[in-house]
Amino acid sequence: MGCVLTLVGFCLWVCLMSQSSIPVASQRSGGSGNVEEGRVFINGRVAIGSTDDDFVCATLDWWPPAKCDYGTCSWGRASLLNLDLTNKILFNAIKAFSSLKIRMGGTLQDKVIYQRTGDQQPCAQFVKNSSEMFGFSEGCLPMSRWDELNQFFRDAGAVVIFGLNALSGRSIGMDGLATGAWNASDAESLIQYTVNKGYTIHGWELGNELTGNGVGAGVAADQYASDINTLQSMVQKIYASYEVKPLVIGPGGFFDASWYTEFIDKTLKSLHVVTHHIYNLGPGVDDHLIDKILDPSYLDGGSKPFQDLQSILQNSATSATAWVGEAGGAYNSGHNLVTNAFAFSFWYLDQLGMASSYGTKTYCRQTLIGGNYGLLNTTTFVPNPDYYSALLWHRLMGRNVLSTSFNGTKKIRAYAHCSKQSPGITLLLINLDGNTTLRVQVSTENDGNNRTSTLQRKNQTQRSNFASTREEYHLTAKDGDLHSQTLLLNGKVLTVNSSGSIPPLEPISVSSLDPITVAPFSVVFARFPDVNYPACSRSTQMEMDKFGLLIELLLFGVLQPIICIFF
């Protein structure tokens with residue numbers, strides 16, 4: 001892998017060759033008349049990281065209707081086994097992303113068996129049983145349902161990741177440790193069937209929350225690494241005739257630094273993506289979830305697993321990249337009217353901004369539908385506020401991440417990316433203050449000597465260099481209620497029409513001479529089409545794209561021999 005590291009260093013040197021910077025200054029005036037000032041600084045000289053183009057991802061789980069938490073049964077018919085794939089809203093919600101990563105998996109994936117061709121045994125469904133791990137018996141995935149799922153996702157334009165049962169063949173001791181090697185025969189049968197049918201799977205992920213002590217059961221890091229190597233060999237064999245093969249992904253657990261370090265060091269040639277899960281708000285039953293969501297210090301604490309995993313990857317010889325494989329914020333199905341309401345957009349968008357800042361390539365939200373944290377309502381399929389937050393991020397925030405900081409009130413969260421598929425940058429502002437309006441002005445750095453000037457003032461004297469308008473998307477809750485499941489975009493309610501179509505997300509055009517007004521308890525995306533950063537230049541974007549492609553090819557083992565010749 002030494003030649004890979006040389007390539008990485010060379011490509012980073014190329015990216016650093018062209019570089020500039022821009023700050024964003026702000027004022028805020030509260031509804032009560034108080035005014036505070038602050039400053040956002042965006043460094044546009046070089047991107048601090050890049051995400052996948054389809055960074056936003058959502059999960060679909062296995063939980064049956066009988067799954068209940070704290071006396072509430074919130075899953076309905078949202079399981080991979082019984083979800084209504086004919087629902088127009090569901091189809092349109094996925095199609096609107098063009099394309100949305102879908103991760104199929106969850107707690108019960110390690111109790112799923114896959115029906116085999118010609119198998120005469122009945123394909124039994126999950127049955128509630130309190131004496132069983134996770135409270136349910138084993139369940140079976142019929143190949144007829146697997147066909148339906150793949151056809152649906154193909155038509156909807158989804159990018160599919162599937163989580164395999166990693167407990168197959170193991171014995172679970174009284175201490176919860178699962179011992180023995182993974183029995184890969186069931187997975188091999190499913191993968192071979194999938195290839196024979198011509199279905200496209202972007203990645204095969206092994207196991208769910210078995211890292212460290214695990215949830216329900218745990219697997220030692222060295223054994224898990226051996227099993228990943230087995231999966232990689234299997235994928236290489238079955239997809240031997242394919243130039244591009246699916247990603248091998250794991251371990252899909254809660255971050256444990258020592259466990260992850262050992263696991264990564266022992267999967268250097270087999271692992272493409274390292275996944276971890278995030279439920280940092282605690283149990284869904286907690287009545288203080290909104291207090292945590294609105295607490296900047298609490299949100300800041302969420303950066304530690306991103307930072308630690310980034311450090312492990314940077315100090316390893318691996319070429320694997322980091323994903324958040326599942327993130328529902330509050331475990332045990334979330335909290336109704338919190339994790340499926342407007343308030344959760346503060347936590348969710350902050351997580352997207354923070355994760356991308358630490359090199360995370362993909363972020364999978366738990367769930368697309370199901371539980372009390374779905375992007376879609378479990379019963380009606382109508383989008384919850386976070387669905388529109390996710391869609392706006394996907395459409396506006398490009399791959400290249402810009403270093404952003406805010407000096408002033410701690411109640412403002414600020415993130416910036418190069419704009420997606422368009423010139424300029426997009427700034428995300430999150431106002432956690434329910435009593436204060438923030439008015440934001442943008443300043444630019446003239447050169448490398450940290451001299452700044454106000455963009456609005458510069459527009460007055462150099463109009464030929466800047467557009468006269470910018471685009472703004474203001475997100476607020478209906479009636480200002482954080483528990484509301486109705487979202488307003490620029491003051492207008494967002495709702496699907498009678499045919500189940502996702503409404504257009506139209507910005508307002510604002511003079512570039514005017515400050516950005518961020519209302520109390522609101523979110524604003526602001527796109528500046530004529531802010532030109534070296535980090536966002538076409539040449540830099542192309543270099544980042546080439547770099548990403550090279551790394552992908554290296555992961556698949558296509559270019560490694562060639563690169564070693566030249567480096």
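**Entry 1: two helices crossing**

I began with helix 10 and helix 11 and found that they cross in a right-handed way. I kept in mind that this is a predicted model. The contact uses F344, S345, Y348, L349, L352, G353 and S356 from helix 10. From helix 11 I noted P385, D386, S389, A390 and W393. I then sorted these contact residues by type: seven are nonpolar, four are polar and one is charged.

Next I looked up the geometry. Two packed helices are described by an axis-to-axis angle and a distance between the axes. For helix 10 (residues 344-357) and helix 11 (residues 385-396), the angle is about 30 degrees and the axes are 9 Å apart. Angles under 35 degrees count as roughly parallel, so helix 10 is roughly parallel to helix 11.

**Entry 2: the barrel**

In what order do the eight strands close into a barrel? I read the order as 4-5-8-11-12-13-15-17, with parallel pairing. Neighbouring strands of this sheet are turned against each other by 25 degrees on average, direction ignored.

I picked out one pair to follow. Strand 8 (residues 159-164) and strand 11 (residues 203-206) run parallel and are joined by four bridges. Here L164 sits opposite L206 of strand 11.

**Entry 3: helices on the sheet**

Helix 3 (residues 143-156) packs on the sheet and touches strand 4, strand 5, strand 8 and strand 11. Its direction makes about 165 degrees with that of strand 5 (101-104).

I finished with helix 5 (residues 221-238), which lies across strand 8, strand 11 and strand 12. Helix 5 runs at about 155 degrees to strand 12 (247-254).

Note on methods: Residues are numbered from 1 along each chain as its sequence is written. This is a predicted model: local features need pLDDT of at least 70, side-chain atom pairs count only at pLDDT 80 or more; totals for chains, interfaces and linings use all residues. Side-chain values use heavy atoms; hydrogens and water are left out. Axes are lines fitted to C-alpha atoms, for helices over the stretch in contact, and angles run from 0 to 180 degrees between N-to-C directions. Angles under 35 degrees count as roughly parallel, over 145 as roughly antiparallel, 65 to 115 as roughly perpendicular and the rest as oblique. A crossing is left-handed if the near helix is turned anticlockwise from the far one by less than a right angle, and right-handed if clockwise. Contact means heavy atoms within 4.5 Å. Ala, Val, Leu, Ile, Met, Phe, Trp, Tyr, Cys and Pro count as nonpolar, Asp, Glu, Lys and Arg as charged, and the others, Gly among them, as polar. Two strands pair if DSSP finds at least two bridges between them.
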